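Have a look at the model on the screen and I'll walk you through a few spots.

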Amino acid sequence: MSESSQTLTLLAPVAGLVVPLAAVPDPVFAGQALGEGIALDPLGECLHAPCDGEVVQCARTHHALTLRTEAGVELLLHLGLDTVELQGQGIEPLVGVGDRVRAGDPLCRFDADALARGASALITPLVITEAGGWRLREPSLAAGARVALGEPLLVLEAAVAESRETLAGGPEAERRLTLALAAGLHARPAARLRAIVREHGVSLAVHHDGAESPGASAVSLSALMNLGLVEGSAVRLSARGERAEAALDAAEALLTTPEAETHPAPQPQATPNEALGEALQEGELAGLVASPGLALGPLVAYRPPLPAVPHDGEGEAVEAPRLNAALARVGEALARDEAEATRSGQIAEAEIFAAHGAWLADPDLAAAAVERIRDGRGAGQAWREALDAEAERLKATGNALLAARVADLRDLQRRVMAELSDAATPDLPELPENALLVAEELTPSELVAVAARRPAGLCLAGGGTTSHVAILARARGIPCLVAMGPGLLAALDTAPSEAAILDAERGRLVTAPSEAQVVEVTARLEARRREAEAARAAAFEPAITRDGREVEVCANIGGAEEARLAAAAGADGVGLLRSEFLFLERDSAPDEVTQRAEYQAALAALGGKPVIIRTLDIGADKQLPYLRLPAVPNPALGVRGARLWASHPELLETQLRALLGVTPLDALHIMLPMVSEAGELRQVRQRLEAIAAELGLGARPRLGAMIEVPSAALCAASLAAEADFLSIGTNDLTQYTLAMDREDPALTARADVLHPAVLRLIQATVAGAAGRCPVGVCGAAAGDTLAAPLLVALGVDELSVEPARVPAVKAALRRLDAAALAAELPELLALDDAAAVRERLAAWLARADATPDTTTTTTLERC
C-alpha cells in the first residue's frame, strides 16, 4: 500500500479478473453489509497482503482474515464464497493473528480446484470493514478487467473521521444462548449482527460465556470473529438502548437458527439399470443422468496433463537415485491412504491402494525406467516412457481384465511424475470439437475450459447429479452421464475410435453402435434440431392442440430478471413468481418500497400479460433469521404458507400493500400457497379489499389459491367459489398424497406425479373448478414430457414451466389430440402405479406422434 497524508492505495492481492462488489453472487457482499470494496476472480493460488498492516483476525477455517493499517483501516480478505463450509481444506495459512506484514507478503496458499469443487465460487472479495476516517474512491477498474498481482486496485482518501461505535444510551438487557451456526460465527452472521445494531440503534456486545476473553463489540467484525465461537458455544449478549430487547430478539434468532447447508454432499444414488430394472445390452455402459440430451461422436479420453519433467537427464548416478526417492515417497503416500481407508471402513478403496502399492514395487517397471535413464532420459521422462509402454502392452493383449488395469497404471504414472516435476501445472490439452469426452472426473474449472471446445457430451466415471460439474453441464446444455464407474475408462481403452452414442435420457453410453443405430440417432438429432428451431420460431404463437383447445404456457420465475427471460422465450405470462427470494438472505423483511419495485419490474417485463405472484411461502422447514418459528417434529405439516398469516399478519399486510401499488392491476394475479380450506382464502380477500378501498383503488387484482394438499383438491368446488383461479403445485401434492418426502433421495424415484392417486386428485380439482374458475399447474409436472399432455387431457387450462422450456412445451401441445387422450383416462387411472401409467402413456404418445393425421381415439395397448 502506498500511503500519503491524503490517500491510501490498496494493491491486488492476487492476479485475477475484476468483479464489482455489487455483482458478487452473495447478498451479504453485494449489499455491502460488510462494507465497500471490490472482488477478484483469482488466476493465482496465493493471496498476498494488499497493504502494510497487522493481522488482527484469522478465521478458524482459514478462509478469511482481517488486516489493520496504522491509519486504522480494517480490510477483510475473504477467499471464495461459502468456503467456510470446507473447514480449511485446500487452504494453507501463512500468517497468524498479531503478525505484521508488508504489502505483497504471502498470506495464504490455496488449491483452486479443491475450492472450486466445494465452494460456490472462487470470487474473492476485498472489503473495507472499518474505514477509520477514510473514504473509498469510486473504483477505476471496469468489470472483467485483468489485474496483475501487486497492481493498484483501490484508492482511499482522507475524510472526516468517524467513531467506531456510537454508544447508545437507555436501558440495558442481556441474553444467554447456545450458538447453532454449524460454521461458527464467521463473516456473514457477523455482518448481520452489525446490521441489527444499526437497524435498532443500540450498542451490542458478544461474549464467549464462561471464557476469560473479553467481549467483542458487534460493530467490529474482526473482534467478533476473533472470539472463536463455534457451534455449541455458550454465548452472552449484552445490549444498551431503547430497543435493546428487540435487538436481542433479532440477534438470538440469527445465532440460534441453523444456517441452510449451501452445498450438501450428493446422496448415494442407484445406477439407472438398478433403479429401472433394465438389463444392459452388449456394448452399453450405464450412468446417472446429470444433464439430459442425446449426442453422437467419437470417444475421446480426457486425462489431466501429465506433470512436466525434464526430457534429458544428468546420468544414471544422478537420475536413478531421484527415481528411487520418488518411488519411495509415492509408496509411503499409498500406504498412508490404505491405512486411512481401512480405519474408515472403506475396504474397497483400501484394496485399490494396496494394489497400486504392489504395482509400484514391481521390479520390472523400475528396471524398464532405469534402462531409459541409461539412454539419457531424466528420471521423470524415463518413468513416463516405461509406463506408456506397459499400458500399450496391456491393451494389445485383448484381455479385458488386463486392459482394465490401464487406468491404474496411468494414476501411478502421474503420481511419480508429480514428485519429479518442478514446473507449474500445464495448460489443458487441445480437444476435438463434437467429441464425447470421457474422464475419471472433472473439476468445475476443467469443465469450463473443455466446454469452450464444444464437446458433444460428457461421460464421467465419478461425480454426482447434484455436483457443480452437473450444474454447469446443464447450464450449457451438454448431455452428461456421471457415476459410470471404473469400467468406463477401461472400456475406452478397448473401444473403437468411431462414433459412440450418448443417450443421456435413458442413462446409457453405447460404445460400439451398429451402423443402423448411428443412422437412427443421426436422424433423431437432425429432427430435434429442426424441431427446436421450429419451436423457437413459433414460440410467440398460441399453443392450440389438434382438437382445438388453447392452453396457456407460462413461466415459473424467481424475479424480474427471469421475467425478462420468460418474455423473450414467448411465455404467455408468469404462472409463478416465487416472492420468497426477496425475503431470503436478509436481516429483516423487505419493506413495501423494495417489494413493489421488484413486482413492478416483473409486470413491466411481461408487457401486460398476466403475472401470478405467490405470497411468501416459508415455514418451519426453511426459517428466516428474523422470523422465528417454533421447531416442530414434522416441518412439512407445520406452519407454512397461508397458515403463517395468523401469527405474522404484518408480513401479509406489507406484501399486499406492495402488490396493490403496481400497475396495471388487471395484469396482477395474487396466489396464496398451502391453502387447505376456503376460509383462509376468504380472510385474505377481505383484507385485500380493505386495503384497496383505503388506497382508493378502483381495480382489483385476481386472487387465487394453490392446490398442494389433498383437502384442497377434494374441496376444490368450495375453493373455486371463492377464488379467481386455482394452480396445482404438483411437487407438494404428490408428497402429501403418497406420504413420501420429496427431499428423501431413497423415495425420489417413487414420488411420481403420475401415480393414479395423484392424478385422481388433479381430476377432482378440475371437476370442482369447472364453470367457476380456470386451473393451472405450476409444479415440475408441467414440464414433464409425459405428464404435461396428460394434465391437459385432464382439463388443465395453463401450464407453467421454466422459461427455456416454453417453446418446446408449446410445440408438444400443438401435436396433441387432447380429446383422444382424455378418452383413455379411465384406463390410465385404473392402473396400479406410476410406472404402469408412464409405460402405457409413453406407448400411446409414441403411436399418436407416428400417426399425426389421426383424429380418432385409439385404445391404449394393454400390457
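By exposed I mean over 50% relative accessible area, by buried under 20%, and partly exposed is in between, with a 1.4 Å probe and protein chains only. Helices are DSSP runs of H or I with at least four residues, strands are E runs of at least two, and both are numbered from the N terminus. The buried ones in H9 are Leu-365, Ala-369, Val-370 and Ile-373. They cover an arc of only 135° around the axis, so they sit on the same side of H9; that arc is taken from the directions from the helix axis to the C-beta atoms.

Just after H9, Gly-376 takes a positive phi of about 105°.

Before I go on: this is a predicted model, where local features need pLDDT of at least 70 and side-chain atom pairs count only at pLDDT 80 or more, while totals for chains, interfaces and linings use all residues. Residues are numbered from 1 along each chain as its sequence is written, and side-chain values use heavy atoms, with hydrogens and water left out.

Back to Leu-365, then. Leu-409 counts as buried because its relative accessibility is 1%. And Asp-388, 21 residues away in sequence, is 8.7 Å from Leu-409, C-alpha to C-alpha.

Now to some strands. Strand E22 (residues 293-301) runs antiparallel to strand E26 (residues 499-504), with 6 bridges joining them; strands count as paired if DSSP finds at least two bridges between them. Across that pairing, Gly-297 has Ala-500 as its bridge partner, and Ala-295 has Leu-502. E22 also runs parallel to strand E23 (residues 436-439), over 3 bridges, and there Ala-301 stands opposite Val-438.

Is E26 enclosed or open? It's largely enclosed by the rest of the structure, because 5 of its 6 residues are buried. E26 also pairs with strand E27 (residues 508-510), antiparallel, over 3 bridges. Leu-502 turns up again here, with Leu-509 in E27 as its bridge partner. There are 3 residues between the strands in that hairpin, and Gly-507 takes a positive phi near 75°.

Elsewhere, 4 strands make an open antiparallel sheet in the order E16-E19-E17-E18. Its edge strands are E16 (172-178) and E18 (216-217), each pairing on one side only. Helix H5 (residues 244-256) packs on that sheet, touching E16, E17 and E19, and its direction makes about 10° with that of E16. Those angles run from 0 to 180 degrees between N-to-C directions, with axes fitted to C-alpha atoms, for helices over the stretch in contact.

Last stop, the cores. A nonpolar core is a set of buried Ala, Val, Leu, Ile, Met, Phe, Trp, Tyr and Cys residues joined through side-chain atoms within 4.5 Å. The largest has 100 residues, and Leu-726, Leu-754, Leu-790, Leu-799 and Leu-813 have the most contacts inside it. A second, separate core has 36 residues, including Leu-75 and Phe-110.

Notes:
Contact means heavy atoms within 4.5 Å.
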